[in-house]
Amino acid sequence: MSIADRTVRTTWEGALATGAGTLGHGSSGALDGLPVTWAARTEQPGGKTSPEELAAAAHSSCFAMALSLKLGENKTPPQRLEVTSTVTLDEVAGLPTITTSKLTVRAEVADLSAEDFADIVSGAAALCPVSRLFAGAEISVDAVLV
């Protein structure tokens, strides 16, 4: 049995370059109504989202949860974590491909050395399910204890 299943439906109308889609009927409803277009994906977002932005949201939130868990297990829970993911869509062998997810972490944690923090970040990277999903992509983590 799975831990969780989440579903979102995208309805798309028209050709790729001129058409548009809308997310809806999601498990939580939080994404319902979000518009997506090819131009938002490859040019300027213009208030619309893209699969890459949604992947970045998934990766940053997943990593924040994994890091929070690992810091808590170390008895050094974070006061604050800021995790940013930049997901890159690039052309590989003539095909659009998500090639990287660059995570930037800024953490406020009391009574933790930089060395111990680096070890905990590595553990979080191995734990995060979205990182494992992106295993074929280049994932980098720039983590700073502030």
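# Briefing: fold, sheets and core of a predicted chain

The chain holds four helices and six strands; helices (H or I, at least four residues) and strands (E, at least two) are DSSP runs, numbered from the N terminus. This is a predicted model, in which local features need pLDDT of at least 70 and side-chain atom pairs count only at pLDDT 80 or more, while totals for chains, interfaces and linings use all residues. Residues are numbered from 1 along each chain as its sequence is written, and side-chain values use heavy atoms, with hydrogens and water left out.

**Overall layout**

- Read from the N terminus, the elements follow the order β-β-β-α-α-β-β-α-α-β.
- The C-alpha trace spans about 55 × 35 × 30 Å along its principal axes.
- The chain has 146 residues, of which 27% count as buried; buried means under 20% relative accessible area, exposed over 50%, and partly exposed in between (1.4 Å probe, protein chains only).
- Among contacts (heavy atoms within 4.5 Å) with a separation of 6 or more, 50% join residues 24 or more positions apart.

**The sheet of β1, β2 and β3**

- These three strands form an open sheet in the order β1-β2-β3, with antiparallel pairing; two strands pair if DSSP finds at least two bridges between them.
- β1 (9-13) and β3 (35-36) are the edges, and each has a single partner strand, so one side of each is left without a neighbour in the sheet.
- β1 and β2 are joined by five bridges in the antiparallel sense, and Glu13 stands opposite Ala20 in β2.
- The hairpin of β1 and β2 has six residues between the strands, and Gly14 in the turn has a positive phi of about 95°.
- β2 (residues 20-24) also pairs with β3, in the antiparallel sense over two bridges; Gly21 has Val36 of β3 as its bridge partner.

**The sheet of β4, β5 and β6**

- A further open sheet of three strands has the order β4-β5-β6, and its pairing is mixed.
- Its edge strands are β4 and β6 (138-145), each of which pairs on one side only.
- On average, neighbouring strands of this sheet are turned by 15° against each other, direction ignored; axes are lines fitted to C-alpha atoms, for helices over the stretch in contact, and angles run from 0 to 180 degrees between N-to-C directions.
- β4 and β5 are antiparallel partners over 13 bridges. Bridge partners in β5 include Glu108 for Arg80 and Ser101 for Val87.
- Two residues lie between the strands in the hairpin of β4 and β5, where Ala93 takes a positive phi near 55°.
- Val92 belongs to strand β4 and, at 40% relative accessibility, counts as partly exposed. Neighbours within four places in sequence aside, Val92 is in contact with Thr97 and Thr99.

**Helices α2 and α3**

- α2 lies across β4, β5 and β6, and runs at about 140° to β4.
- α3 packs on the sheet and touches β5 and β6, its direction making about 150° with that of β6.
- The axes of α2 and α3 come within 8 Å and cross at roughly 130°. The two helices are therefore oblique to each other; angles under 35 degrees count as roughly parallel, over 145 as roughly antiparallel, 65 to 115 as roughly perpendicular and the rest as oblique.
- α2 passes α3 in a right-handed crossing, where right-handed means that the near helix is turned clockwise from the far one by less than a right angle, and left-handed anticlockwise.
- Residues making this contact include Phe63, Ala66 and Leu67 of α2 and Phe117, Ile120 and Val121 of α3.

**Core and buried residues**

- The largest nonpolar core has 22 residues, and those with the most contacts inside it are Phe63, Leu67, Leu71, Val105, Leu112, Phe117 and Cys128. A nonpolar core is a set of buried Ala, Val, Leu, Ile, Met, Phe, Trp, Tyr and Cys residues joined through side-chain atoms within 4.5 Å.
- α2 (51-73), β4 (80-92), β5 (95-108) and α3 (114-127) each supply at least two residues of this core. The largest share, seven residues, comes from α2.
- Apart from neighbours within four places in sequence, Cys128 is in contact with His59, Cys62, Phe63 and Ala66.
- Glu52 lies in helix α2 and counts as buried, at 7% relative accessibility. Not counting residues up to four places away in sequence, Glu52 touches Arg41, Val87, Leu89 and Ile98.
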